[in-house]
Every structure is written in C-alpha cells, then in structure tokens.
Amino acid sequence: MARPCFKLEKPHPTPLAGVDEAGCAPLAGPVVAAAVILDREKFPRGIDDSKALPAPVREAICARLRKVAAVGVGIATVEEIDRLNIYWARMLAMTRAVDALGMEPAMILVDGNRCPKWERRSLAIVAGDAKCRSIAAASIVAKVTRDAIMREHAVDHPGYGWETNKGYGTPEHLRALKLLGPTPLHRRSFAPVQQFSLDFEVSPEPVPLAG
C-alpha cells in the first residue's frame, strides 16, 4: 500500500497542521493528541500511520520530527475522560495539541469524522493517518508520547503489564484488574473497569487519634 503523502494537503493553505490522537480504547491512562506542521521540503522519511510502524521506527521518526517540524502535544487526563466521556476528552486533547503548537495554523486536518468545536478552519478525514502525511506524523508523535507515559506509570503500578500493553484491555491486564483492582489511572467510566471497582473501593485514610 502507498504511504501517506501530501496529495490531500496541497489544496489547502499553509501552515497546515495534521492532528491525531492515541489512547481512546485503553482502560487506563490519558488520551494524548499531537498536532504537527511539516516542512514539505524537509521532513523525516518513512512517515506512516503509527499502527503500521514497529516501535523503534516510530520512536526514531518522532525524534526527527521534533527537530524539523512544529509539534504540539495535548493531554486529557483520566479524570477528564471519566467526567466528559472519551469522545469529548479526545476533542479536548486535540484542541490542546493545536494550542501547544506556538503558532496558529491556516488549516488543520484531523483524523476521524469530526473536528473539535473550534473557530479554526479544519477538515476531518476518515483514516487520515493512512492518507495524509501530516496526520500520520501526528499519529506517530501521539503514540510515542503516550507509550512513554504508560511505561513510566508501569513503574509505579506494577503487575498490570502497562510497559507492554500500554493500558489496553489485554488478558494480562484484565487478570490484574481482577486480582489487584483498579488504580487511580484506570478509567472508571469504562465497563471492564466498573465491574471490578465495587470490590476494591478505597477506604479513607484513618484519622490518627490525638494522644
């Protein structure tokens, strides 16, 4: 299959930002979005949908993107996911990613079928990470950033396998949820987490007796 290119981007004004997110489906951790403005004359080779690239390749491309492109990252926390729902948390993360660019794009291409409710010129493209180079670049940054966050959280919350499953509902992760219960980083609004939450309600810290 052909890799993402600039074909769908060229009709639009520049600077053009591609926007994508990572982490809508996991049971734990934040949702992370990235916005990337590429220099069409100077960009890393091999940019593709992040899902199509091995982790070492994603990480190498991400490092190069941060050197030659404008990059913004936006995060919606677990608390925001549970309060807003994952759809609106995703929109919030994408808005924060564009805000973090440090410049206002003339056009934004967003992966998916809906753009955030912002007063910015933008277009949603279904499977945009497989078609548009700028969106694919954003998918790489979002994925690499979120994977690094989940590896860090795995150190503080061992046993759930986040260093490898990144919070997705793998059999290993579900077994740990049943055995250990949810952590503060689990999305309690998600059904697989809800079913274990009642059995592991956190008791308040005991108040020490005056003496």
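Analyst: What follows is a set of questions about the terms used for this model, each with its answer. This is a predicted model, in which local features need pLDDT of at least 70 and side-chain atom pairs count only at pLDDT 80 or more, whereas totals for chains, interfaces and linings use all residues. Residues are numbered from 1 along each chain as its sequence is written, and side-chain values use heavy atoms, with hydrogens and water left out.

User: What is the mean pLDDT of the chain?

Analyst: With pLDDT being the predictor's confidence in each residue, from 0 to 100, the chain has a mean of 93, and 93% of its residues reach 70 or more. Over residues 202–211, however, the pLDDT is below 50, and this stretch has zero contacts (heavy atoms within 4.5 Å) beyond near neighbours in sequence. Where pLDDT is low, the predicted coordinates should not be read in detail.

User: Why is Phe-6 called buried, and what about Phe-43?

Analyst: Buried means under 20% relative accessible area, exposed means over 50%, and partly exposed lies in between, using a 1.4 Å probe and protein chains only. Phe-6 has 8% relative accessibility and therefore counts as buried, and Phe-43, at 13%, is buried because this value is also under 20%.

User: What makes Phe-6 and Phe-43 an edge-to-face aromatic pair?

Analyst: Rings of Phe, Tyr and Trp (its six-membered ring) pair if their centres lie within 6.5 Å, and planes under 30 degrees apart count as stacked, over 60 as edge-to-face and the rest as tilted. Phe-6 and Phe-43 are 5.3 Å apart centre to centre with 90 degrees between the planes, so they form a pair and the pair is edge-to-face.

User: Why is the pair of Tyr-87 and Trp-88 called edge-to-face?

Analyst: Their centres are 4.8 Å apart and their planes stand at 85 degrees, which is over 60, so this pair is edge-to-face. Tyr-87 has a relative accessible area of 28% and is therefore partly exposed, and Trp-88, at 37%, is likewise partly exposed.

User: How do you know that Arg-45 lies over the face of Phe-43?

Analyst: A charge sits over a ring if NZ of Lys or CZ of Arg is within 6 Å of the ring centre and within 35 degrees of the ring normal. Arg-45 is at 4.6 Å from the ring centre of Phe-43 and lies over its face. The charged end of Arg-133 sits over the ring of Phe-6, 4.7 Å from its centre.
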